[in-house]
Amino acid sequence: MNPTFETIGLEVSSEKAFNYLAERAGDQGEPTQLNRRGAVLHGRCWKLGDGLEVWTVLYESGSGDVFYADCRPGFRARYIQTISPWALTEYDEEGEAVIHGYREGTDCEVLFELQNLTEVGPLGFRAQELHIGLCGLAYRARVRPMRGIAFKPLRNPLTGGNLFWIHLDLERIKLEVLVNQRALRGDSLTIGATLDAEVWLQGHVLDENALRSRYEGVDYAYSQSSFWSALKRRN
């Protein structure tokens, strides 16, 4: 079966287990949908916690026939990156979409599978630049000495599987990687180590609402006087 699910701490060892997972994600996931060329894509995002997700997509044809298109693991990256120019390629009946672009102002090329096509909708793809979160789900990885990284242990709330979120500085791009502890080989994971990994690069596009929810600075849409009025003590 698909070994990518192991990267987020899920064991899918048979077709029966895969179908059960897809059905559960369909029942418990947050529903979104997108009209596409006379058809409808129905997305379900089952959020497991700590950024871990399972996405399933149903394809509804113009005649009303509905069939399963895709089920895949995901992780919401913690940092935002901007790409421009970019291009989106969709495979509607397979429930998949791929984005190809360049980190803004650089020649660093990225190509990744988009998780939340149905969640963002058409309005999110009208801008010349896209704000994205990227994370490589690692099938296997090996730790070597002598390079700077940051990392944090995670646990899959559903299965209790131990994972590592790792932030890599690749000079031209900073990349988040998620790896199952069982797939990690080599030296101990420490800050200052190097990671060799085979990953599936997936990501999410942040729409305007998602960008606002992540903002932690001063909102200049409001005047400074309104900041102070909110702090005024009433006697």
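**Close-up 1. An aromatic cluster that joins Phe5, Phe18 and Tyr68 through ring pairs.** In this predicted model, local features need pLDDT of at least 70 and side-chain atom pairs count only at pLDDT 80 or more, whereas totals for chains, interfaces and linings use all residues. Residues are numbered from 1 along each chain as its sequence is written, and side-chain values use heavy atoms, with hydrogens and water left out. Rings of Phe, Tyr and Trp (its six-membered ring) are taken as a pair if their centres lie within 6.5 Å, and the pair is stacked with planes under 30 degrees apart, edge-to-face over 60 and tilted for the rest. By this rule the count comes to six aromatic pairs. One of them is formed by Phe5 and Phe18, an edge-to-face pair with 6.0 Å from centre to centre and 75° between the planes. The pair links distant parts of the chain, with Phe5 in the segment before α1 (15–28) and Phe18 in helix α1, 13 residues apart; helices (H or I, at least four residues) and strands (E, at least two) are DSSP runs, numbered from the N terminus. Both Phe5 and Phe18 are buried, where buried means under 20% relative accessible area, exposed over 50% and partly exposed in between (1.4 Å probe, protein chains only).

**Close-up 2. The edge-to-face pair of Phe151 and Phe164.** The ring centres of Phe151 and Phe164 are 6.2 Å apart and their planes stand at 70°, so the pair is edge-to-face. This pair links distant parts of the chain, since Phe151 belongs to strand β9 (residues 149–155) and Phe164 to strand β10 (residues 162–169), 13 residues apart. Phe151 is partly exposed, with a relative accessible area of 28%, whereas Phe164 counts as buried at 12% relative accessibility.

Close-up 3. A salt bridge is a side-chain nitrogen of Lys or Arg within 4 Å of a carboxyl oxygen of Asp or Glu, and a search of the whole structure finds eleven of them. Among them is the bridge between the side chains of Arg140 and Glu198 (2.4 Å, N to O). Arg140 is partly exposed at 49% relative accessibility, and Glu198 is partly exposed at 41%. The side chains of Asp196 and Arg144 also meet in a salt bridge (2.3 Å, N to O).

**Close-up 4. Strand β2 and its antiparallel partners β1 and β3.** Strands pair if DSSP finds at least two bridges between them. Seven bridges join strand β1 (residues 30–36) to β2 in the antiparallel sense, and Asn35 stands opposite Val40 in β2. The hairpin of β1 and β2 has two residues between the strands, and Arg37 in the turn has a positive phi of about 50°. On to strand β3 (residues 52–60), β2 pairs in the antiparallel sense over nine bridges, with Gly43 opposite Val57 in β3. In the hairpin of β2 and β3, two residues again lie between the strands, and Asp50 in the turn has a positive phi of about 60°. Strand β2 (residues 39–49) is mostly covered, as eight of its eleven residues are buried.
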